[in-house]
Amino acid sequence: MNQFITFPKNFWWGAATSGPQSEGTFEKKHLNIMDYWHTVSPEDFFDQVGPETASDFYHHVDEDLEMLKSIGFNSFRTSIQWTRMIKDFETGEVDPQGVAFYKHVIQKCKELDIKLILNLHHFDLPIELMQKYGGWHNKKVVDLFVKFAKACFEEFGHDVAYWTTFNEPMVIIEGGYFYGFHYPKKKGHGTEGIQALYNINLASAKVIQLYHDMHLGGEIGIILNLTPAYPRSQDPKDLEASRFTEAMFNNSFLDPAIKGTFPQLLVDTLKKDGVLWESTEEELDIIRNNHVDYLGVNYYHPKRVKAPEERAYKDWMPDWYFEEWQWPECRMNPYRGWEIYPKAIYDIAKNIQENYGNIKWYISENGMGVENEEKFKDESGMIIDDYRIDFYKEHLAYLKKAIDEGANCFGYHAWTSIDCWSWANAYKNRYGFISLDLKTQERTIKKSGYWFKELSDHNGYTYDLDIEIK
Ligand code: BGP
């Protein structure tokens, strides 16, 4: 099948990265939890590579952004590191060097006519706030985050039109409280995690309120990783497990961000189990009345769930209500261990269209991490990543199908622009349109980068895979 697929006019094409994964720790006055984690347990990281240099965006801003422009980017997301921006977390006093760095990034994007989305939190809580207050389950951290956001809006608010409060807040809960894959590697801390989930929703709403009150003329959203929870069967018990999983892992942030409420099923379950978060009427009012202007959706893989067979945890955990299982038809990305299921993009789009007022949104991350990409190099040194191009083609085809049916999607960002560092995986799996030689910091555009340029220039591409889009 050869079909040219066109996207709506002015569609956003680009990719995302984050401060902690790209900048390097150069001249930063504080460490975040990921920086700190590497100092205490380097063996947790692939090849023990830490974030100190990362892709050295700190010293390559101009060159990198020019390269992104050259492969067709009209938009780009990164994040401001709390630990670079702020000198004193308690007062919110800024570090002039940090401010100067982000001003440079903003200025260069302007010069190149690249729309910049600045995110305020990408898993990078300052370690001092974890050591002093425990972390996101303490409401003190919420207030300090608002101070940080205020400083960002004051410094950059007139020059940046698109903001987001958090990237994948659910992963902060899963990684830091439920399953221990992020520092401080707590496992089974369900109740604390639930409080943190509430507090982050509150922090996001408070920052949205502040941003709107400052009348800066731009828009503010949130980036959520949405993982549709497909049930194993139509058995009522499996369906119940899938409804709970949706409420817990998707709607617990989606509902407050867009509707100002929490999913009833989640609230009822937590109440019944005696683990509902502590809230005040005043806080709930803030959440009720301050919604996002737009939504970013990170999509990598779905969840496949069934009714739980046994209680894996003694203390409260969401896993009391569901269990994951491997769908027999699953196509797996073996490097990352994530299922590849492009149709979920269509399902997410329909959900937003039908159940969330068709709010405007964009794909803020989607991509495929591959280990040892060196082996796909041709004689000229270019990585021939056809697998990645096919991955994008298939996902974009489902996105377009949803747009044709009325989904209010305004853009597509891949993960990521230039190969970047990651928590625990470090540089194992590469996702970029541009490869990075870790030793020399040399950047080389991959085949997918040239493909992306064509895609952006023509606002569309030829769908030529044998896989039918249904
Ligand atoms: C998302 C994060 C990114 C990025 C990506 C790839 O969850 O927002 O920061 O890391 O996943 O995941 P990983 O690097 O773990 O393979």
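**View 1. The surroundings of E339 in a predicted model.** Leaving aside neighbours within four places in sequence, E339 is in contact (heavy atoms within 4.5 Å) with Y300, H301, P302, R304, W327, C330, R331 and M332. The model is a predicted one, in which local features need pLDDT of at least 70 and side-chain atom pairs count only at pLDDT 80 or more, while totals for chains, interfaces and linings use all residues. Residues are numbered from 1 along each chain as its sequence is written, and side-chain values use heavy atoms, with hydrogens and water left out. E339 belongs to strand β14, residues 338–339, where strands (E, at least two residues) and helices (H or I, at least four) are DSSP runs numbered from the N terminus. With a relative accessible area of 8%, E339 is buried; buried means under 20% relative accessible area, exposed over 50%, and partly exposed in between, with a 1.4 Å probe and protein chains only. The side chains of E339 and R304 make a polar contact at 2.7 Å, a term for a pair of N or O atoms within 3.5 Å, of which, within protein, one must be able to donate a hydrogen and the other to accept it, and residues adjacent in sequence count only if both atoms are side-chain atoms.

**View 2. The largest pocket.** About 880 Å³ of space lies in the largest pocket, and of the 41 residues that line it, V171, F181, H301, R336 and W338 are the closest to its centre. On a 1 Å grid over the protein atoms alone, a pocket is an open set of points with protein on both sides within 12 Å along at least five of seven lines, a cavity is a set where a 1.4 Å probe fits but cannot get out, and lining residues have an atom within 4 Å of a point. Grid points are joined across faces, edges and corners, and a volume is the space filled by probe spheres set on the points. Helix α8 gives the most to this lining, with three residues, and α8, β11 (303–306) and β14 each supply at least two. The lining of the largest pocket divides into 20 nonpolar, 13 polar and eight charged residues, where Ala, Val, Leu, Ile, Met, Phe, Trp, Tyr, Cys and Pro count as nonpolar, Asp, Glu, Lys and Arg as charged, and the others, Gly among them, as polar.

**View 3. The second largest pocket.** This pocket has a volume of about 430 Å³. Its lining has 21 residues, of which E374, R430, L436, D437 and L438 lie nearest its centre, and by class there are seven nonpolar, three polar and 11 charged residues.

**View 4. The largest cavity.** The model has four cavities of 30 Å³ or more, and the largest of them has a volume of about 120 Å³. I33, M130, W136, I172 and Y183 lie nearest its centre among the 14 residues that line it. The elements giving two or more residues to this lining are α2 (33–40) and α8 (169–178). By class, the lining of the largest cavity has 10 nonpolar, four polar and no charged residues.

**View 5. The second largest cavity.** With a volume of about 80 Å³, the second largest cavity is lined by residues including T17, S55, D64, S417 and R443. Helix α3 (residues 57–70) gives the most to this lining, with three residues.
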